[in-house]
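Please walk through the model below region by region, from annotated spans to single residues.

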Amino acid sequence: MKTDTGQDVRLEDYRPTDFEIETVDLTFRLDPAQTRVTSRIALRRRSGTKADVPLVLDGDELNLVALKINDVAADNECFAATPSSLEIRDLPETEVFTLEIVTEIAPAENTKLMGLYRSNGVYCTQCEAEGFRRITYFLDRPDVLAVFTTCIEAPTNDAPLLLSNGNPGETGELGDGWHFAVWHDPHPKPSYLFALVAGDLAVVRDWFVTRSGKPVVLEIYVEHGKQIRANYAMDALKRAMSWDEERFGREYDLSVFMIVAVSDFNMGAMENKGLNIFNDKYVLADSDTATDADYANIEAIIAHEYFHNWTGNRITCRDWFQLCLKEGLTVYRDHEFSADMRSRPVKRIAEVRLLKAHQFPEDSGPLAHPVRPEHYSEINNFYTATVYEKGSEVVRMLATILGPTEFKAGLDLYFSRHDGDAATIEDFLKCFEDANQVKLTQFALWYRQAGTPVLTVSARFDGRARKLMLDIEQSAPATPGQPKKRPMHIPLRFGLIDADGAEIKTSDIEGIDVTGDVMHVKRRAHKIVISKVRKRPVISLNRSFSAPINIHFEQGTEDLFHLARFETDAYSRWQALNELALRGLIAATGAVRDDTDIVPDEALVSGIIASLEDGTLEPAMRAQAVLLPGEADIARELGNNIDPDAIFEARNGVLDIVAMTGADAFDKVADGFTPSGRYTPDAESAGKRALYLAALDYLSRISLPADALLPIFRSADNMTIMAGVLAILAHRFPETAAAETALAEFELRFRENPLVIDKWLQIQATIPGQATLARVKQLMGSNHFSIENPNRVRALIGSFSAGNPTGFNRADGAAFAFLAGLIIELDARNPQVAARILTSMRSWKSLEPVRQEKARTALVAISEQPSLSPDVRDITDRTLG
Ligand code: PHE
Ligand code: ZN
């Protein structure tokens, strides 16, 4: 399987390697321009592998310096080395033999941030998915598990700290100001989990005793002076460790667990065995520099990477098609963790919002792919919302279908049966089947069929017969390579609510299997009869979003209002209100395009305000109620012929009316907010801040002008309020003196803190309207921006292209053309980040014709570049379709 040249790799072609690697002994002699890597690997020819089968190791931009076979310099005739492979013929006939491979690499020139690179003077590695082959020639695939020992040599001054996976071993001086350290990882692992860090960093140290009494040293490494900002991450780590013991029975398995925060990182973080490497954005926090959202992300990502120790590391993936085996399951685990740490319904709302904002559009556009893809040309492009978020939803559905005890039994079996394995989705599902004597054949389709399923529902109540008739039909849209879909097993939680708001118990249901409050939709069509229903009920479907689907159900507005008030499931109350709001916003968009007045339903407006005022709800819930669907939500619902300007205008029109009608209520919320002295990042306090900011946002439409917001911005004593008010100022009052003053003061205050400057860049990049493109270009020229740093690129360019519908989709296409140029430039440095940013064009075909044509022109311009990376080539080709 070759993957670095952009050719198609197929799941069906999987076969095990001819050779196994038992041990790997690595020695790194670190130098920014010329690091020498000596890799001694002990290989074993698999039984059945013929003696004349050559060994082909993967490489990527490598330079072979020396090769020994069984400690003897290899003959030139018996091997062929290129930057991307090392092929060895004439191998010893013995079953076991060793290779010593010496390569030379230049970490300081590694701009792709894959393999060994330098970030702010610190050596670090990123090996998932195929970065290890940029360090040394290897069987760089997840089903080759070996025991690693790593010796790092470096100048003591430059790199006093030398870290790798596993447990620390010997250390010492080498003379000439050099020193070394040895690390040994007893757990066999694939190369993508290898890590090395060397540099001058500060450490925050703590400890944890596992429930079986083993002490674990916990270390978080950060740049000097930033130790205090790692305290929250440490706290989250300890909570994650005990939670995983209690909830899933998983204990940590080494004597030390280390996290290193680096400032140049392609993704969020990486679960390398015993040595997680993090984008510093997901480690560093204090109240002056991090928002509530940052804290929540840190908690979730620290937990996510820690949880990978079992779901990913102890049990890894057989091949990269099985990526969701570790990612979907681990996201599910981190979601559950956050739900337990915070408010479960509020967390569920956030998950669904995220899923709909990222995964649904992916699933309905040219980049749609199954949770477990069947082919790829560039694996880096499959770290997607589908693999992660839908993958998590699939695990959640499994838990819903089986029930908690049965789900746990299956997962326990998975942990015991596959510990130490490189497993597949089939292996995973088989554990749930075997533990519970069930068949999951149909359920498995969730992993194979792309596209968001649609349930079309109609209901009829026969009062005389006391019967409720439900017709349910499922379908799934065509997706690339999959024109036709088979019916899936959709677990649909439901409830019936009577006129007084009480839950109606149902016992007599025909036409579908039901367990508890879950209907098991399995056929293409179900005719369901629910008997013994005395009065017309209001039907609540897909409670707590039990399945990641779209529902087409012509449910009357009164019924939705009824659910918004009375549903017993808090998530579903929000869902009903949100659905109503979406309908109102769609209607308003129609009005704008027809040039008629925007007249939102009075009941909708008062429903929103009633939720805002509902003192029985937690503040975070009240904030969610008034946070109406965004422009992207409206666009997704409309599906085609999108005019982002019309959506923007319509949404503003509705928000203005809500603000005017609810002025008193918003005032009351804003006045009642007391910045309660010392900032704490807990969910409850965060909810109060979210509610306050939501109120300010509405008030800024009526009674709170820019000049009144400026003092609020200035007196903010934490970053959540400060950045929140700055965003309101900049977005609602662009180019006013107050907004520009606030931006300038913010910059002045935080100019030494790049993570905070990212917020400043992002707020400006998402100012609605035509003019923002010029601002983005100007900001690119400021000394705060650097195309070399992924966080800066994402904050400015990523949020402009993915989070600014009116600015990015300018009707003249200027922003598309700008992005095309930038992608080409970035691609030459860092293909992975370039490809990721480019996915913001995935919904171009749903734009109205004029914009669509401009978008196509930009995509074609990229496509015509002769030397695109496989990453950008793949996204461009698939996006163009
Ligand atoms: N495996 C990482 C995670 O989700 C993500 C990642 C993928 C990081 C590839 C870097 C490169 O936890
Ligand atoms: Zn992960």
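Where does UniProt place the feature "domain: Peptidase M1 alanyl aminopeptidase Ig-like fold"? The unreviewed entry puts this feature at residues 451-553. UniProt positions are given here in the numbering used for this model, feature names are shortened, and annotations may be inferred rather than shown by experiment. This is a predicted model, in which local features need pLDDT of at least 70 and side-chain atom pairs count only at pLDDT 80 or more, while totals for chains, interfaces and linings use all residues. Residues are numbered from 1 along each chain as its sequence is written, and chains are lettered from A and ligands numbered from 1 in the order in which they are written.

Over residues 451-553 the chain is 0% helix and 50% strand, with its end C-alpha atoms 19 Å apart. Helices (H or I, at least four residues) and strands (E, at least two) are DSSP runs, numbered from the N terminus.

An open sheet of three strands has the order β4-β8-β7, with antiparallel pairing. The edges are β4 (55-58) and β7 (79-82); each has a single partner strand, so one side of each is left without a neighbour in the sheet. Neighbouring strands of this sheet are turned by 10° against each other on average, direction ignored; axes are lines fitted to C-alpha atoms, for helices over the stretch in contact, and angles run from 0 to 180 degrees between N-to-C directions. Two strands count as paired if DSSP finds at least two bridges between them. Between β4 and β8 (residues 85-88) the antiparallel pairing runs over four bridges, and V56 stands opposite E87 in β8.

Helix α6 (residues 404-418) has 15 residues and reaches 21 Å from its first C-alpha to its last, close to the 21 Å expected at 1.5 Å a residue; the expected span is 1.5 Å times one less than the number of residues. G410, L411 and Y414 of α6 are buried. They cover an arc of only 95° around the axis, which puts them on the same side of α6; the arc is that of the directions from the helix axis to the C-beta atoms. A residue is buried if 20 or more other C-beta atoms lie within 10 Å of its own, exposed if 12 or fewer, and partly exposed in between, with C-beta atoms placed from the backbone. The face of α6 turned away from its buried side carries the exposed residues T405 and S416. Covering the buried residues of α6 are, among others, α1 (231-248), α5 (385-402) and α7 (425-436). Just after α6, G420 takes a positive phi of about 90°.

Helix α1 includes Y232, which is buried, with 21 other C-beta atoms within 10 Å. Leaving aside neighbours within four places in sequence, Y232 is in contact (C-beta atoms, placed from the backbone, within 7 Å) with A285, Y295, I298 and P681. Y232 and Y295 are 63 residues apart in sequence and 7.8 Å apart in space, C-alpha to C-alpha.

Some backbone details remain. Most residues other than glycine have a negative phi, and most peptide bonds are trans. D176, in the loop between β14 (167-175) and β15 (178-189), has a positive phi of about 60° although it is not a glycine. D176 is exposed, with 7 other C-beta atoms within 10 Å. A cis peptide bond joins E128 and A129, with omega about -5°.

Conventions. Two residues are in contact if their C-beta atoms, placed from the backbone, lie within 7 Å.
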